[in-house]
Amino acid sequence: MLRSRIRVAAALAVAALVLAACGGSDDNTSSGGSSASPAEIKVFAAASLTAAFTKIGEDFTAANGTKVTLNFAGSQALATQIQQAAPADVFASADITNMDKVKDLAGPPQIFASNQLQIVVEKGNPKGVKGLDDLANPDLKVVLAAPDVPVGKYSQQALEKAGVTVKPVSQEQDVKAVVSKVSLGEADAGIVYTTDVTAGGDKVEGVDIPEDQNVVATYPIATVKASKAPDQAQAFMDYVLSDQGQQVLKSYGFGPPPTS
């Protein structure tokens, strides 16, 4: 009888140790979830940043081990997604207006790049477009971005400076769609960023817009307050602003942040 009781007590002791170990393991797992670096961040970036941010994302992952998932679209669409609580860690806009739309949902923004406008035409410029004045020709099929898209807003400002009225055949939701319409021959010309003419490849070319008619596009970046990886989000933002990030942006045709 005594031996039986000793065996039961020993078995209970072993069971208690096993349960304690399991409980300890659970605690470590839950605490480890908060202390371990998240393996991924989601970056919402203006469509015009596609090539540059793809490269920056790859470089950041290589340097920090954090995977970067990129969501490219018109800044106005991205701002709406963030307002609707879409999971995002960083927002890079092509204008201040759309960044201001999420000012209560994001940290303090910083300007990280600039851009300018060009007229995009088919390779060889078959319609002989020389400037903004030519876009008023009713025989010319012109495509612009919609007014709420940053490049659409900038395009309208440039046209107003030039005193030109254009009736576009379509208004697109991001700058890439404007370039695509021209490269596919669905439009004769459009107004885009200089960086997008370069990214458009050998099917398109650019016609310069004079400085007195051009508009400087300003790009702000900020972390999103609802981020589940705030440290990594800030690290990505810092990387974009760093010398390494700025060199990548420069290599894709972006200018430095405006000085004024």
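**Close-up views of a predicted model**

**View 1. D196 and K176 meet in a salt bridge.** The side chains of D196 and K176 come together with an N to O distance of 2.8 Å. D196 belongs to helix 7 (residues 194–199) and K176 to helix 6 (residues 175–183), so this pair ties together parts that are 20 residues apart in sequence. The structure is a predicted model. D196 counts as buried because its relative accessibility is 1%, under the 20% limit. K176, at 29% relative accessibility, counts as partly exposed. Side chains of opposite charge can pair when their charged atoms come close. Across the whole structure, a search finds five salt bridges.

View 2. The N to O distance between the two side chains is 3.2 Å. Both residues lie in helix 2 (residues 50–64), where they are four residues apart, about one turn of the helix. K55 has a relative accessible area of 33% and is therefore partly exposed.

View 3. In the salt bridge between E186 and K181, the closest N and O atoms are 3.5 Å apart. E186 is partly exposed at 41% relative accessibility, and K181 is also partly exposed, at 24%. Through shared partners, salt bridges join E172, K181 and E186 into one network.

**View 4. The largest nonpolar core has 63 residues**. Within this core, the residues that touch the most other members are L49, F53, F112, L132, L135, F236 and L249. At least three residues of the core come from each of domain 1 (40–114 + 218–251) and domain 2 (115–216). Another core, of twelve residues, lies apart from the largest one; A88, F91, V102 and V224 are among its members.

**View 5. L132 and its contacts.** Leaving out residues up to four places away in sequence, L132 touches I119, A158, L159, A162, V164, I191, I209 and Q213. L132 is also one of the residues that touch the most other members of the largest nonpolar core.

**View 6. F53 and F112 form a tilted ring pair**. The model has eight aromatic pairs. For F53 and F112, the ring centres are 5.8 Å apart and the planes stand at 45 degrees, so the pair counts as tilted. F53 lies in helix 2 and F112 in strand 4 (residues 110–115); the pair links distant parts of the chain, 59 residues apart. F53 and F112 are both buried.

**View 7. F60 and F236 form an edge-to-face ring pair**. Their ring centres lie 5.3 Å apart and the planes meet at 80 degrees; this angle is over 60 degrees, so the pair is edge-to-face. F60 is in helix 2 and F236 in helix 8 (residues 230–241), so the pair ties together parts that are 176 residues apart in sequence. F60 is buried, with a relative accessible area of 1%, and F236 is buried, with a value of 0%.

**View 8. Ring pairs build an aromatic cluster**. The cluster links F53, F60, F112, Y154, Y193, Y219, F236, Y239 and F254. F53 and F112 are a tilted pair, while F60 and F236 are an edge-to-face pair. F53, F112 and F236 are also among the residues that touch the most other members of the largest nonpolar core.

Technical notes:
Residues numbered from 1 in each chain as written. Predicted model: local features only at pLDDT ≥ 70, side-chain atom pairs only at ≥ 80, totals over all residues. Heavy atoms only, no water. Salt bridge = Lys/Arg side-chain N within 4 Å of Asp/Glu carboxyl O. Helix = DSSP H or I, 4+ residues; strand = E, 2+ residues; numbered from the N terminus. Buried < 20%, exposed > 50% of the residue type's maximum accessible area, 1.4 Å probe, protein only. Core = buried A, V, L, I, M, F, W, Y, C linked by side-chain atoms within 4.5 Å. Domains from an automatic or database assignment. Contact = heavy atoms within 4.5 Å. Phe/Tyr/Trp six-rings, centres within 6.5 Å; stacked < 30°, edge-to-face > 60°.
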